[in-house]
Amino acid sequence: RAVAAWALLLPQSAACGVELASDLHHAAIGAAGRLGPDVQRRVFLHCGDIFATQDEWHQAGVIMVSSIGEDSSQLERFADGLQRVEPGTRVVAVSVPLCANPARAPPGLSLEREALYRTTGGGNTTVFIYRRLAPD
């Protein structure tokens, strides 16, 4: 849903989604197929491990992550991969902050904002918005 919404709301952008579960990936392909052709050309969907795409993260201006979970080793691995993105890149973590202490940010990032977000499931969740800092 987030990839389709991004592509619809920002017509000058491309949107890419990486889904580990094949059933959810196929559902995303079906949903993207219902979008207009001009939007479909800007949507890129991949089935696999998000960490296999780390070499491509530098192309993103915004990275949204919603399914890393609360596994501290996965969060640490994700935060480590963010060291490769360009300064100024925004990272939006849905529900789970990228640090054990939600008021902090991983090295090389600053916590810009924490906000409540209304989900499509009808509830609220917290989003944590970070910005990649320029190297010292």
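Visitor: Why is Trp6 called partly exposed?
Guide: This is a predicted model, and the label comes from a computed value. Trp6 has 32% relative accessibility. Buried means under 20%, and exposed means over 50%. The value of 32% lies in between, so Trp6 counts as partly exposed. Its place is in helix α1, residues 2-9.

Visitor: What makes the nonpolar surface patch with Trp6?
Guide: Trp6, Leu9, Leu10 and Val62 make it. The patch covers about 360 Å². Patch residues need over 30% relative accessible area. Trp6, at 32%, therefore passes that cut-off.

Visitor: What about His46: why is it called partly exposed?
Guide: His46 is in strand β2. Its relative accessibility is 38%. That falls between the 20% and 50% limits, so His46 is partly exposed. The C-alpha atoms of His46 and Val62 are separated by 17 Å, with the two residues 16 apart along the chain.

Visitor: Why are Trp57 and Phe78 called a tilted aromatic pair?
Guide: Take the distance, then the angle. Their centres are 5.1 Å apart. The limit is 6.5 Å, so the rings pair. The planes are at 55°. Stacked needs under 30 degrees and edge-to-face over 60, so this pair is tilted. The count comes to one aromatic pair.

Visitor: What does that pair tie together?
Guide: Trp57 lies in the loop between β2 and β3, and Phe78 in helix α4, so the pair ties together parts 21 residues apart in sequence.

Visitor: Are these two residues buried or exposed?
Guide: Trp57 has a relative accessible area of 7%, and under 20% means buried, so Trp57 is buried. Phe78 is at 0%, so Phe78 is buried by that rule too.

Visitor: How do you know that the charged end of Arg77 sits over a ring?
Guide: The ring belongs to Phe51, and the charged end of Arg77 is 3.9 Å from its centre.

Visitor: Why is the contact between Arg84 and Asp55 called a salt bridge?
Guide: The N to O distance is 3.2 Å. The cut-off is 4 Å, so the contact qualifies. Arg84 is in the loop between α4 and β4, and Asp55 in the loop between β2 and β3, so the bridge joins parts 29 residues apart in sequence. Arg84 is partly exposed at 45%. Asp55 is exposed at 56%.

Visitor: What makes Arg90, Glu112 and Arg131 a network?
Guide: Salt bridges link them. Arg90 and Glu112 meet at 3.8 Å, N to O. That is within 4 Å, so it counts. Arg90 lies in strand β4 and Glu112 in strand β5, so parts 22 residues apart in sequence are tied together. Glu112 also forms a salt bridge with Arg131, at 3.3 Å. Arg131 is in strand β6, so this bridge ties together parts 19 residues apart in sequence. In total, the count comes to three salt bridges.

Visitor: How much confidence does the predictor give this chain?
Guide: The mean pLDDT is 88, and 96% of the residues reach 70 or more. Confidence is lowest in α4, at a mean of 83, and highest in helix α3, at 94.

Key. Residues are numbered from 1 along each chain as its sequence is written. This is a predicted model: local features need pLDDT of at least 70, side-chain atom pairs count only at pLDDT 80 or more; totals for chains, interfaces and linings use all residues. Side-chain values use heavy atoms; hydrogens and water are left out. Rings of Phe, Tyr and Trp (its six-membered ring) pair if their centres lie within 6.5 Å; planes under 30 degrees apart count as stacked, over 60 as edge-to-face and the rest as tilted. Helices (H or I, at least four residues) and strands (E, at least two) are DSSP runs, numbered from the N terminus. Buried means under 20% relative accessible area, exposed over 50%, partly exposed in between (1.4 Å probe, protein chains only). A charge sits over a ring if NZ of Lys or CZ of Arg is within 6 Å of the ring centre and within 35 degrees of the ring normal. pLDDT is the predictor's confidence in each residue, from 0 to 100. Patches are made of residues with over 30% relative accessible area and no salt bridge: like charges are joined within 9 Å, nonpolar side chains (Val, Leu, Ile, Met, Phe, Trp, Tyr) within 5 Å. Accessible areas come from the Shrake-Rupley method with a 1.4 Å probe; for residues, only the protein chains shown count as cover. A salt bridge is a side-chain nitrogen of Lys or Arg within 4 Å of a carboxyl oxygen of Asp or Glu.
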